[in-house]
Amino acid sequence: MDYQKLADLLFPDLKFSPTDYEQIYPQRQLAANAKVTRIGPSPTGFIHLGNLYNAIIGDRLAHQSNGVFFLRIEDTDSKREVAGAVEIILSALGFFGINFDEGATIDGDNGNYGPYRQSQRKDIYHCFAKQLVKMGKAYPCFCSEEELTQMREEQMAKQVNFGYYSEWARDRNNDYQQIAERIAKGEPYVLRFRSDGNIDNTVILADAIRGELQLQENYQDFVLLKSDGIPTYHFAHVVDDHLMRSTHVIRSEEWLATAPIHLQLFDTFGWQRPIYCHTAQLMKLEDGNRRKLSKRKDPELALKYYCSEGYLPEAIWEYLLTVLNSNFEEWRMTNPSDPFEQFPFTIEKMSNSGTLFDLDKLQDISKEILVRTPAAQIYDFLKSWAEKYNPTFSDIFCADKEYSLRVIDVNRSGDRPRKDLVYWKQAIKFLSFYFDELFTIEDNYPENIDSDTACEILNKYLETLDFNDDQEQWFNKVREITDALGFAVQPKKYRKNPELYRGSIIDVSNTIRVAITGRLNSPDLWEISNILGDKRVRNRVQAAIKGK
RNA sequence: GGCGCGUUGGAGAAGCGGCUUAACUCACCAGCCUUUCACGCUGGCAUCCAGGGGUUCGAAUCCCCUACGCGUCACCA
């Protein structure tokens, strides 16, 4: 078989040769330890936590080493492509502070190693496919989908390994004449790799996260180019990461099984293999079993979930960093105010077993971040979040900025600040009682306080209420009311002899609390009252008395 | 079914043959503080590292087998 002739038949007019491309995309001039990383999402319109997870690794590795981090759009499957998906990718990752040094942008490309959309790299793939044909390492296959399914069924029946290989590779040894005729007739075909791998051989993959792995050598004649001439992931990955000069390929562990294909391709071309980093998957516990986070069942997989719930991007980053490098938490404790970018991220510290996604932990981290965020900044964040997700709240919240700033800062100063705010959706619920438009009575009075007793307490309270008092004076008055009405000023005494009292000061102050905040639980009442102001407090207490 | 990866408390994990009586964080529980809730503090939470065999004076750490979980076996990525 004259492979050159076949190559020319399959790819008659190509502008550039492999050598040309090597020159167009030269080795990068970077320091020896600089890492070149990338993410390659496919534009399905769904961008998820796993994408961010790998993006963070790529970002840290590249940017900590003065390397390059780029975005490549892997749009080789037109069936799954969604209009506007690139914008979705860019804006979602942008929201989380992922920045690319080069790659696809909304209106084109940025960088010298493009195009960064695989759909625009057809000529490049064809050039290298042609090279493989010339080497006798690739051939056209005319099998139809029906024929392949039939083959699979036969393999199942015979209990042999599935796939297109050795004696099952029907079109592997077609002669030139046959091929030329079928092509002339316009028969569709795919281009397959002619593998000389052996099922009994193993290949070594030196994975940066997992160490040395022994994998089965690839023996399948896998597809390089689909019948529309577009490459499969395998071929595109190898060509792109070679020409784009990636040093580290960070991808999820589901790629481990097909890694031998990639190794084989790199070796066939005589190219240097990149360093593979196969990351663990994010899992979820269900019925006692771990399973991969799923797009359909788990809303928390989608990045937009965190946007709409109103998590701070920083919180997601820090959570993911604790998952990725467990020493991050220790670092955070010793460097409480440093930006997380200063944390020395390492591949060596990464775990290789599937990680359960832990919302509790995320919320704890979020709380800690918010407690050290100044009120003015919280105001800005909350404002812009609410404008998009809750315009009603936004209008109310922004009507009086000074007021809202004071609201945010209630009991947040000092050695033991409250950590009430977790994420914006939760925050607006928590803060709602400060605003008359949103104020409602959510809780009942304490159990042993009936509405008559409540009125008694509240009337007395109104009589003595004086906003010139300080906290001490104010609470002394509450104590007086408590005593006068036959409640125990000291809760302990009530607990000891409940029959001697109508209740304790807890019941009295909680009655007032419900009237003013609508809730049984709240931050410090006097502090809240001072923010609400004389008029608002009196109105609420009076309303409570009337409403009984 | 083949091939591969993984398995330390409820969760994330540290651990790399003797410093481990298995760190730290979250969750949970109890107590303290306290006018509620939070915050904070104190203590509890794996007699044991999936199970079973080895190697060794000594194993969570090395080797083998078994179990379980996960991934993958497309003209999807």
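## Domains

Chain A is divided into domain 1 (3–13 + 122–279), domain 2 (299–371), domain 3 (375–434) and domain 4 (451–547); the bounds come from an automatic or database domain assignment. Taken over C-alpha atoms, the centres of domain 2 and domain 4 are separated by 42 Å.

This is a predicted model, in which local features need pLDDT of at least 70, side-chain atom pairs count only at pLDDT 80 or more, and totals for chains, interfaces and linings use all residues. Residues are numbered from 1 along each chain as its sequence is written, while chains are lettered from A and ligands numbered from 1 in the order in which they are written.

## Surroundings of the RNA

RNA strand B is surrounded by 68 residues, and the closest are Glu74, Ser326, Ser353, Ser509 and Asn521. A residue is near a strand or molecule if its C-beta atom, placed from the backbone, lies within 6 Å of it.

The surface near RNA strand B has 24 polar, 23 charged and 21 nonpolar residues. In this grouping, Ala, Val, Leu, Ile, Met, Phe, Trp, Tyr, Cys and Pro count as nonpolar, Asp, Glu, Lys and Arg as charged, and the others, Gly among them, as polar.

## A sheet of four strands

Strands (E, at least two residues) and helices (H or I, at least four) are DSSP runs, numbered from the N terminus. An open sheet of 4 strands has the order β1-β2-β3-β4, with mixed pairing; two strands pair if DSSP finds at least two bridges between them. β1 (36–39) and β4 stand at the edges with a single partner strand each, so one side of each has no neighbour in the sheet. From one strand to the next, the twist averages 20°.

Strand β3 (residues 102–105) and β4 run antiparallel and are joined by 3 bridges. Glycine 103 stands opposite asparagine 110 in β4. Helix α3 (residues 49–63) lies across β1 and β2 (68–71), running at about 160° to β1. Such axes are lines fitted to C-alpha atoms, for helices over the stretch in contact, and angles run from 0 to 180 degrees between N-to-C directions.

## Strands β10 and β11

β10 and β11 pair in the parallel sense over 5 bridges. Serine 252 has threonine 279, in β11, as its bridge partner.

A residue is buried if 20 or more other C-beta atoms, placed from the backbone, lie within 10 Å of its own, exposed if 12 or fewer, and partly exposed in between. In strand β11 (residues 275–279), 4 of the 5 residues are buried, so the strand is largely enclosed by the rest of the structure.

## Phenylalanine 235

Phenylalanine 235 is found in helix α8. This residue counts as buried because it has 26 C-beta neighbours inside 10 Å. Leaving aside neighbours within four places in sequence, phenylalanine 235 is in contact with Tyr125, Leu224, Leu225 and Leu265; contact means that the C-beta atoms of two residues, placed from the backbone, lie within 7 Å. Phenylalanine 343 is 108 residues from phenylalanine 235 along the chain, and their C-alpha atoms are separated by 36 Å.

## Backbone details in loops

The peptide bond from glycine 114 to proline 115 is cis, with omega near 0°. Proline 115 is placed in the loop between β4 (108–110) and α5 (122–134).

Arginine 245, in the loop between α8 (233–243) and β10 (248–252), has a phi near 60°, a positive value in a residue other than glycine. With 16 C-beta neighbours inside 10 Å, arginine 245 counts as partly exposed. Asparagine 411 lies in the loop between α16 (401–408) and α17 (424–431), and its phi is near 55°, a positive value. Asparagine 411 is partly exposed, with 14 other C-beta atoms within 10 Å.
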